[in-house]
Structure formats: C-alpha cells, structure tokens
Amino acid sequence: MASFLLKSFLVVLAVFFISSMVQASDPDILSDFNVPAGSTIDGNFFTFTGTRDIFGSIIEKFTVTKVSKAEFPGLDGQSVSLAVLQFPGGGVNPPHTHPRAAELLFVVQGSLEVGFVDTTNKLYTQTLQVGDLFVFPKGLVHYQYNSDWNKSATAVSGFGSASAGTVSLPTTLFATGIDDQILAKSFKSDIATIQKIKAGLSS
C-alpha cells in the first residue's frame, strides 16, 4: 500500500513539474525589450505607423492588417499584438484559430455576428455593435461576419502574444495538398465536391 501511494505521489509530482515547464505562450524576456541586431533604438523603434491610412478608407473586400512582431519588431518579447479587421457589407472572416493566443475583438464601426466552438462542439454566438467586445479563447475555432450588406464594419483585435498565428480552416483543409479522397471520406462527401470547393478557393 505504501509503495502504491509513493508511486502515485511521484507520478502526480512528475506531471506537476512537467506541466509547469510547458509553455504555450510567449517566453518571458530577461530585459526591458528585445532589440534586433543592427537596430537603432529611439522612439521610432516603439512606433508603428502602418495603420494610419486604413481608417476611413472604402472597404471593398475583407482585409486584415496585422500588427505582430513580424510587422512591428518592437513587439518581440512583449506578449501583445493586434489586427485591424475590415469587412465590406456581407464580408466574412472564415473559421480559423490562433494557436498561441486568445483574441479580444473590439467593434469600432458597424456590427458583426461572431462565434466560436468549444472542445465539446458547442457553438457560442453573439451580435456585436459599436463599442462591444468579445473574447475568443485561445486555440478555439471562431469566425466574424458582417451580415449587413449595406454597411461596412471594422474591428480591432488584441492578442496575448506577439505572434498569435492564424490557421484558416478553409485554406488549411482545401489548399495545402491534402488528398481529395481523404477529404471526401472525412466530410462524408465525394471527390467531385471536394474538387469544386478547392476550385472555388483558388479563384
């Protein structure tokens, strides 16, 4: 009995230590900020101007303006990034995930229908107006849709990572070379339907 308790305790202890070492977010940095080699450090390093001209512009197609460490090196190590999402009337941000961060969406123009699916396959939806915020938990499939065909919509999304990553389900499933037969079996469909979906995504 004592050896069983000792083994159980050691297993629990091992799981605790392993789980405390595993991180699915940005690592902590050991300085105030990270500086890429050869960079000049002044106020410009901490300033991003790539979003100046997007507000007030005419929105003709769904557009994402990312501000992650790839576009703004000053974010490296800061565990934060954002994106500006612009939707024309009827525009959609297709189902996707962010593997490294939750997303906090803030509607600044128009209205959006949003939703996410949890790991029990339950769908949570909401219609958002200007000034509303909605959180999409990290790693869960979610979408945003502007159901008003007569008005555009704009939202700003914040992420708890300098590199949240995006996995777009339509692109990942149908534009990466997964065999048509595998997709047809997975979706209980046929190869002709899969090929039609692929053709629609490539146009």
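**Buried polar residues and strand pairing**

Analyst: In this predicted model, a polar contact of 2.7 Å joins the side chains of glutamine 144 and asparagine 93.

User: What makes that pair of side chains a polar contact?

Analyst: The cut-off is a pair of N or O atoms within 3.5 Å, one able to donate a hydrogen and the other to accept it. The distance between the side chains of glutamine 144 and asparagine 93 is 2.7 Å, so the pair counts as a polar contact.

User: Is glutamine 144 buried or exposed, and how do you know?

Analyst: Buried means under 20% relative accessible area. Glutamine 144 has 0%, so it counts as buried. Glutamine 144 is in strand β8, residues 141-145. Not counting residues up to four places away in sequence, glutamine 144 touches residues including Asn93, His96, Glu103 and Phe136.

User: Which residues does the UniProt annotation "binding site" cover?

Analyst: According to the unreviewed UniProt entry, the annotation covers His96, His98, Glu103 and His142. The four are spread over 47 residues of sequence, yet they cluster in space, with a largest C-alpha distance of 11.6 Å. From this set, His96, His98 and Glu103 belong to the lining of the largest pocket.

User: Why is histidine 96 called buried?

Analyst: Its relative accessible area is 3%, and the cut-off for buried is under 20%, so histidine 96 is buried. Histidine 96 lies in strand β3, residues 92-97. Its side chain reaches the backbone oxygen of proline 94 at 2.7 Å. Residues that histidine 96 touches, leaving aside those up to four places away in sequence, include Glu103, His142, Gln144 and Ser168.

User: How do you know whether glutamate 103 is buried or exposed?

Analyst: The relative accessibility of glutamate 103 is 3%, which is under 20%, so glutamate 103 counts as buried. Glutamate 103 lies in strand β4. Its side chain and that of histidine 142 are joined by a polar contact of 2.8 Å. With residues up to four places away in sequence left out, glutamate 103 touches His96, His98, His142 and Gln144, among others.

User: Which residue is the bridge partner of glutamate 103 in β9?

Analyst: The partner in β9 is phenylalanine 159.

User: What makes β4 and β9 a pair of strands?

Analyst: Two strands pair if there are at least two bridges between them. β4 and β9 have six bridges, so they pair, in the antiparallel sense. β9 is also joined to β2, by seven bridges, again antiparallel. Alanine 155 in β9 is the bridge partner of leucine 85.

User: Why is β9 described as largely enclosed by the rest of the structure?

Analyst: Five of the seven residues of β9 are buried, so the strand is largely enclosed.

User: What makes β6 and β10 edge strands?

Analyst: Five strands form an open antiparallel sheet in the order β6-β5-β8-β3-β10. β6 (123-128) and β10 (167-168) each have a single partner strand, so one side of each has no neighbour in the sheet. β6 is joined to β5 by six bridges, and these two strands run antiparallel. In that region phenylalanine 116 stands opposite tyrosine 124 in β6.

User: Why is valine 135 called neither buried nor exposed?

Analyst: Buried is under 20% and exposed is over 50%, with partly exposed in between. Valine 135 has 46%, so it is partly exposed. Valine 135 is in strand β7. Not counting residues up to four places away in sequence, valine 135 touches Glu103, Leu104 and Phe116.

User: How many residues make up the largest nonpolar core, and which have the most contacts inside it?

Analyst: The core has 17 residues; those with the most contacts inside it are Leu105, Leu112, Val114, Leu128, Phe134 and Phe136. β2, β4, β5, β7 and β9 each supply at least two residues of this core. Leucine 128 touches, among others, Leu105, Leu112, Val114 and Phe134, residues up to four places away in sequence being left out.

User: How many helices and strands does the protein chain have?

Analyst: The protein chain has four helices and 10 strands. Of its 203 residues, 28% count as buried.

Methods. Residues are numbered from 1 along each chain as its sequence is written. This is a predicted model: local features need pLDDT of at least 70, side-chain atom pairs count only at pLDDT 80 or more; totals for chains, interfaces and linings use all residues. Side-chain values use heavy atoms; hydrogens and water are left out. A nonpolar core is a set of buried Ala, Val, Leu, Ile, Met, Phe, Trp, Tyr and Cys residues joined through side-chain atoms within 4.5 Å. Buried means under 20% relative accessible area, exposed over 50%, partly exposed in between (1.4 Å probe, protein chains only). Contact means heavy atoms within 4.5 Å. UniProt positions are given in the numbering used here, feature names are shortened, and annotations may be inferred rather than shown by experiment. On a 1 Å grid over the protein atoms alone, a cavity is a set of points where a 1.4 Å probe fits but cannot get out, and a pocket is an open set with protein on both sides within 12 Å along at least five of seven lines; lining residues have an atom within 4 Å of a point.
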